Amino acid sequence: MSAILEVHDLTKDYRLRGGLRRPVLRAVDQVSFTLTQGRTLALVGESGSGKSTIARILARLEKPTAGRIVLRAPDGTQVPGRFYRDHVQMVFQDPFASLNPFHTIGHHIARPLRLHGHDRAQTARQVDQLLERVSLAEPALARRRPHELSGGQRQRVAIARALAPGARVVVADEPVSMLDVSIRLDVLQLLARLQREENLAMLYITHDLATARHFSDEILVLYRGRVVERGPADEVILTPRHPYTKLLAAASPDPLARGRAGIGPDEEIGDEIDAASAAATYDHYTGRWTRPQA
Amino acid sequence: MTDLNADLAAPRPRTGRRVLPRWSPKLAIGVGIIVVIGLWGLLGPFLVGDPEAIRDMGLTAPSRTHLLGTTQTGQDVLAQLAYATRGSLFIGLLVGVMATVLSALFGIVGSYVGGLVDEAFSLLSNLMLVIPGLPLVIVISAFVPASARGSWTIAVVLAITGWAGSARVLRAQTLSLRNRDYIQAARVAGEKRWRVIGVELLPNLLPLLASQFVFAVIGAILSETGLSFLGLGAANSATLGTMLNYAQNGFALQRGAWWWFVPPGLIIALFGCGLALVNFSIDEIINPRLRDIPRRERRNRRRTQRPVKRLDDGAVLDGTVLDGTVLDDAVPDGTVPDDGAVLTVRHLSVTYRTERPVHAVRDVSLALRRGEILGLVGESGCGKTTLAYAINRLHRPPAEVTSGSITLHDRDGEDLDVLAFDRDELRAFRWDKLSMVFQGAMNALNPVLTIRAQLDDVLTTHRPSMSRGERHERCAEALRLVGVDPRRLKAYPHELSGGMRQRVMIAMALLLEPQVVLLDEPTTALDVVVQRGILRELLRLRTALGFAVLFITHDLPLMLEVSDRIAVMRDGRIVEEATAEQIAAEPRHPYTRHLLDSFPSLVGERGAFIRAGEDERSQAAQPPAAASDDGIAAEAETR
């Protein structure tokens, strides 16, 4: 088990339009974590917590304002930037938007293969293999277009596409939140199986605490761009320490909690979490609270 | 795996974008006109004599030797027409191609690359837009000496003045497409920029490009005609415009020589008409909603508009065989009146009359009791929203209620047949007796009106007798009810958070104290903490005001927490209905069980979940993921 991707003090500011002073919104604030082979790290947070921004930065769709991302080859050396995309791939949230309606399924999987050094003959074979690996072994599926597929099938295609370049790191940005509930677990199980088979490092981004707990090994809870709690998945969810994590856990629907509706957090988040605790981070590994240096 | 979905997905109409327009009468006529005129322009000149030949016969009317008569100088009009058509089409095509290439370059490339390039390109196209086109063309043409004014010169001038409008259209579309996930995904895969534009982006702009091309061709032919008519056209070239120019100079109109000016005019009009018809069909690809429904089906629909009266007797429906997957005894038979019910739906079916009819709601019976929360749970495409719309009579063609009845048992004991309401009765019924909070309701507020104006509007419509002060008081009270500060009445929707907007929508739904509130996925787009707050408010209000709630969602655990009874819907049918306790403790339909299993418990055991980091032993103990699904599919089939 070796670290593949190290993220150090990642920070992203967005300049807001309008106004003479061009106000700055800090979407991600000094976030650090490490992705390890064969393990899943979950980034948990609500809308606006910065989790998707982190995903986009890792996929090199955006440039960070500050911070470093270090990608390591199996021998521990740093991988140069131009090979980055051979190693890090992304699964997008919305399978209805992430496949080009104009192109066939085969095109979506063949392109990354071709881009990452396969010749034509190899590619054709590999496309079929990859589709089979994501349990889409239907004949002639590669010749169909995205609109002929269901949401679950599309997301499987998107997963196959992410695996095509031989990626070792997969960033999955809410990979099941747009899918029907009855197939969500199947897609997650598929991701888990592929991860085992390929020994992938996975970053699982979600707002759903329950799947974060069951699907990942480690959880980072994000609140307004900052990590407020980190630790092993079960510990973070079952014994949350930060008020925000507690709030999230209390608000999540739970089939075992019938009749609990009346209970739960009182007000909306802003009132519950004061500035002091919002800035503090609880680390389950060290068992200590930390605050950022000014 | 996806087999649960597969059967759901099958009857769904294909929603993907088509590459070729649908064959319709419009398109057929348009293409027919273009082909005939195109062939005439292409082959006509070979069939007719010399258009320049001067005969000593002067202006003569159509005859056997000269089918369209002759001009002042005895030239054959038909021959001239053939060459003129060819000339006009040539210029139109040339300009169409050049203008489209220019607009694609400035519109697509600029907006995809972004930054300074985009700023510069769009500044240029905006400049070209504000310069009035035809006068500029006239000025440019006038400056080019007549001897150098060939067809190409004119074409270039027309292209330069004509590309800007479509560049703006293409830019807007590209800006929206470049942020689509599939473009981002291509970038993540490592595609080069030119390939992303050429292979991923451009094909999706093809319909738009085609329509802009057709538009440019029409514009070019008309502009060229105008120029030539003014005598500023290409030298030594024959176009429909020069023909008209000669006719004008020869006093054709005054001398009644219709054969001289009518044919070229007609060809211009017909060709423009043909291109416009083709453009309509292309527009339908860009926006499928423009597609019109064949008239035959429209007539059918009118005939079956009111089947309700007939079916109310119940006799017709007795023979209905329920599909095997429905637990007959688990679904209450709607024909038995429920004493406490406030809303009864009996054997309701709703069909979308599209090419392949979609039976979105099939024989659904439901009874909503006074003051209860009934959870209607189902996945996308199961018909739950269609059902809600039908109860509200909000469904629109092609959706249509094909059978069944909806009855509201009013507070004063009267039974109201919802499907038989006329417009005024419907207006009185909606919102007053039954209100609805829509899916994505946060965006259902009008952005340019204050909260107060929008709440007030409901009261002015339904309570015309209320005074201004009373209305204000009532609006403030409604906001207070849902936990929003009444001072926010003055706010505009964008000044409120998503959760607050949703609360305002609920306040609006409760404003007239309806007996039934339909909630269609009211909290799906909200964060869990906000969702929790809103649900709690709703439960409190339900106890205080005593309305009944039909809560539509895909979130079964949520329903287990808040609702009294739950109906599980799948593929247009209610497959199981029971109290929330029963559903939680002993779900009977395999689909309900599957739904329940789909939500891992936050604090409970991990179930079938395998974490990647776990060792091999635990994997071996778990059944493969597909097994459970296949089981359900098999089970459902054998029932």
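This is a predicted model: local features need pLDDT of at least 70, side-chain atom pairs count only at pLDDT 80 or more; totals for chains, interfaces and linings use all residues.
Visitor: At what angle do α7(B) and α9(B) pack?

Guide: Helix α7 (residues 164-178) of chain B packs against helix α9 (residues 193-229) of chain B at about 165°, and their axes are 11 Å apart; axes are lines fitted to C-alpha atoms, for helices over the stretch in contact, and angles run from 0 to 180 degrees between N-to-C directions. The helices α7(B) and α9(B) are therefore roughly antiparallel, a word used for angles over 145 degrees, with under 35 roughly parallel, 65 to 115 roughly perpendicular and the rest oblique.

Visitor: Which residues meet there?

Guide: From α7(B), the residues include Val169(B), Leu170(B) and Leu177(B), and from α9(B) they include Leu205(B), Leu208(B) and Phe215(B), where contact requires C-beta atoms, placed from the backbone, to lie within 7 Å. By class, this contact of α7(B) with α9(B) has eight nonpolar, five polar and one charged residues (Ala, Val, Leu, Ile, Met, Phe, Trp, Tyr, Cys and Pro are nonpolar, Asp, Glu, Lys and Arg charged, and the others, Gly among them, polar).

Visitor: And how do α5(B) and α9(B) pack, at what angle?

Guide: Helix α5 (residues 133-143) of chain B and α9(B) pack at about 50°, with axes 11 Å apart, and are therefore oblique to each other. In that contact Leu134(B), Val137(B) and Ser141(B) of α5(B) meet Ser223(B), Gly226(B) and Leu227(B) of α9(B), and by class the residues are three nonpolar, three polar and no charged.

Visitor: New topic: how far apart are the domain centres in chain B?

Guide: The assignment, automatic or from a database, gives domain 1 (25-290) and domain 2 (308-439 + 513-597) of chain B, and their C-alpha centres lie 56 Å apart.

Visitor: How many residues of each chain count as buried, as a percentage?

Guide: In chain A, 51% of the 294 residues are buried, and in chain B, 44% of the 639 residues are; a residue is buried if 20 or more other C-beta atoms lie within 10 Å of its own, exposed if 12 or fewer, and partly exposed in between, with C-beta atoms placed from the backbone.

Note on methods. Residues are numbered from 1 along each chain as its sequence is written. Chains are lettered from A and ligands numbered from 1 in the order in which they are written. Helices (H or I, at least four residues) and strands (E, at least two) are DSSP runs, numbered from the N terminus. Two residues are in contact if their C-beta atoms, placed from the backbone, lie within 7 Å.
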